[in-house]
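Subject: Structure for you to look over

Hello,

Here is the structure I promised. Please open it alongside the notes below.

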Amino acid sequence: MALRRILHYPEPLLAQRSVSVEYIDEQLISVVADMVDTMYAAPGVGLAAPQIGVLKRVIIIDCGSKEEPELIRAVNPQIIDSHGECNEEEGCLSVPDYYACVKRKSWIKVRYQNMQGKWIEQECEGLLAIAFQHEIDHLDGKLFVDRLSSLKKGMFRKKYKQIQEQQREQL
Ligand code: NI
């Protein structure tokens, strides 16, 4: 297990579509173990494989607490049903120090394989529903800032440039 470097916007790999996982082999198990270490160290509530440069359809999520973690490792996740709308503030480990409200479905049903390859269906709402949608977006090469209106996206680009310049000055 090891910490991996998290890719930051505008890294082109983050805009690519990830491929389905065919075999849950040792290599994939090791990637997922690294993702878990990397997410908890960040810390974050979710991480998708492309964020560490692995273009495979795997995500991890933990919307639990420090005392009671609820780690989900989801291979080939798909949203198979959804309803309702919400508009909550989101952030992303690949877009450091930037937060914005994003419109999402408030309830979803997801289908994914666990690390043993067994298909699981899960209904979720609240933060967990948002996390699944956010992480599955990563697998389609989409960041939460891609879901902002064009006006807000323009504001994001300007602000993000400033954030990146500040980070460079601190180095
Ligand atoms: Ni993200």
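The largest nonpolar core has 16 residues. Val 32, Met 35, Leu 47, Val 58 and Ile 60 touch the most other members. Helix 1 (26–41) and strand 2 (58–62) each supply at least two residues of this core. Helix 1 gives the largest share, 6 residues. Bear in mind that this is a predicted model.

Take Val 32 as a way in. Leaving aside residues up to four places away in sequence, Val 32 touches Val 58, Ile 60, Arg 73 and Met 115.

There is a second, separate core of 14 residues. Its members include Ile 61, Ile 72, Val 110 and Cys 124. In soluble globular proteins, nonpolar side chains tend to be buried together.

Now to helix 2. It runs over residues 126–139, 14 residues in total. From first C-alpha to last, helix 2 reaches 21 Å, close to the 20 Å expected at 1.5 Å a residue.

Is helix 2 enclosed or open? Of its 14 residues, 11 are buried, so helix 2 is largely enclosed by the rest of the structure. The buried residues are Ala 129, Ile 130, Ala 131, Phe 132, Gln 133, His 134, Glu 135, Ile 136, Asp 137, His 138 and Leu 139. What covers them includes strand 1 (46–48), strand 2, strand 3 (71–92), strand 4 (95–113) and strand 5 (119–125).

One backbone detail to check: just after helix 2, Gly 141 takes a positive phi of about 75°.

Best wishes

Key:
Residues numbered from 1 in each chain as written. Predicted model: local features only at pLDDT ≥ 70, side-chain atom pairs only at ≥ 80, totals over all residues. Heavy atoms only, no water. Core = buried A, V, L, I, M, F, W, Y, C linked by side-chain atoms within 4.5 Å. Buried < 20%, exposed > 50% of the residue type's maximum accessible area, 1.4 Å probe, protein only. Helix = DSSP H or I, 4+ residues; strand = E, 2+ residues; numbered from the N terminus. Contact = heavy atoms within 4.5 Å. Expected span 1.5 Å × (residues − 1).
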